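Dear colleague,

Please find the structure below, handed over for your own work. My notes on its surface and its charged pairs follow.

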Amino acid sequence: MAEDYYSLLGVAKSASADDLKKAYRKKAMEFHPDRNPGNKEAEEKFKKVSRAYEVLGDDSKRKLYDQHGEAAFDQSMGAGPGRSAGGGRAADPRDIFEQMFGGGGGGFSDFFGGGGGGGGSSNENSGEDLRVDLKITLEEAAEGVERKIPYRKHVACAKCGGSGAEAGAKKARCATCHGQGQVIRSQGFFSMRQTCPDCGGEGVRIDKPCRPCSGEGRMVGEASVTVRIPPGVDTGTKLRSSGNGSAGRRGNSAGDLYVYISVQEHELFERDGNDLACSVPVKFSVAALGGKITVPKLKGKTVLSVPAGTQGGTVFRLRGEGMPPLRGSASGDLLVRVDIDVPKKMTDVEKKALKAYADACGDDAAPVSESWRSKFKKFFP
């Protein structure tokens, strides 16, 4: 039984063209063969989602599919194995992927590990957006830090300076697209406008392409960028470095570099938004009689007054001692949780003193004990 194209892409039948494109991008990147080498199941899923988008991404095909389902494109309407309605060759899933993401150069797998950043470019010959992941400490997230990040990307060819042409080469109008940069492929009564495969959408061809870069105007190379991480970032924060993505083909504009921040876990502090929390051990005598304790902060330490009769689990809030805001508002707070520090070993003198205290208390219950006893009697009279 044929699978529903909308279900394959994970969208509703009312999905807009943008929703379809986003869904296909996500699925195609997940199942692409270059990201799943040797995985036949992933390869098959990639073909299916590409076929689904080939149909649903075209308004006229989508209307037919909504009316007749996949039967609109089977042999009963003139399509044979490997062919689409009208006798045209069925689209290659990789072609569909390349039309959306761009291709060439060092290959798809060179950049898939980093992933795309965001907006993408309007020119198909523009450079790809790239992604790098950066881990920083909680202290660095609070103070801000400057990091030099090495990565690989397409850079302008040193031989041709990014033009893609040998010295003295001439440009002529592309005979395939007649200078339009696009060609129309007909599949029966369907027509698809696609980037010209011979000129890459530029409308012109070079008679002597640069040999080192094969006329691309770019090659894979090493690069680095210094990025200023602002105070207040958190895991998932995305920073954009404009123009530091891959160089475009034949002198076209470069893509952007997206830096995804990951903040490492801290030994003392837990983070919740801009608030920080930590637990501090307090001696029983201090909790009972009151006193002062030393509390750590991200920068230095402070002294906290503990009132007499403080119970374990009590939380004190230190205003403004948390993380700084990334944008606007105020700094977070530091939440200090009291943990009663019960000694595991005691001297004979300490035991004697504690026993004397217990004898002096008798059966009189502390406030917490009284509350617990009243609840206990409610269920177990």
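A residue is called buried under 20% relative accessible area, exposed over 50%, and partly exposed in between (1.4 Å probe, protein chains only). This is a predicted model, in which local features need pLDDT of at least 70 and side-chain atom pairs count only at pLDDT 80 or more, while totals for chains, interfaces and linings use all residues. Residues are numbered from 1 along each chain as its sequence is written, and side-chain values use heavy atoms, with hydrogens and water left out.

Salt bridges require a side-chain nitrogen of Lys or Arg within 4 Å of a carboxyl oxygen of Asp or Glu; the count by this rule is 21. In one of them, Lys48 meets Glu3 at 2.6 Å, N to O. Because Lys48 belongs to helix α3 (residues 40-56) and Glu3 to the segment before α1 (5-9), this pair ties together parts 45 residues apart in sequence. Helices here are DSSP runs (H or I, at least four residues), as are strands (E, at least two), numbered from the N terminus. Lys48 is partly exposed at 32%, and so is Glu3 at 39%.

Asp133 pairs with Arg131, their closest N and O atoms being 3.0 Å apart. Asp133 is exposed, with a relative accessible area of 55%, whereas Arg131 is partly exposed at 31%.

The salt bridge between Glu216 and Arg218 has its closest N and O atoms 3.4 Å apart. Glu216 is buried at 17%, and Arg218 is buried at 2%.

Yours sincerely
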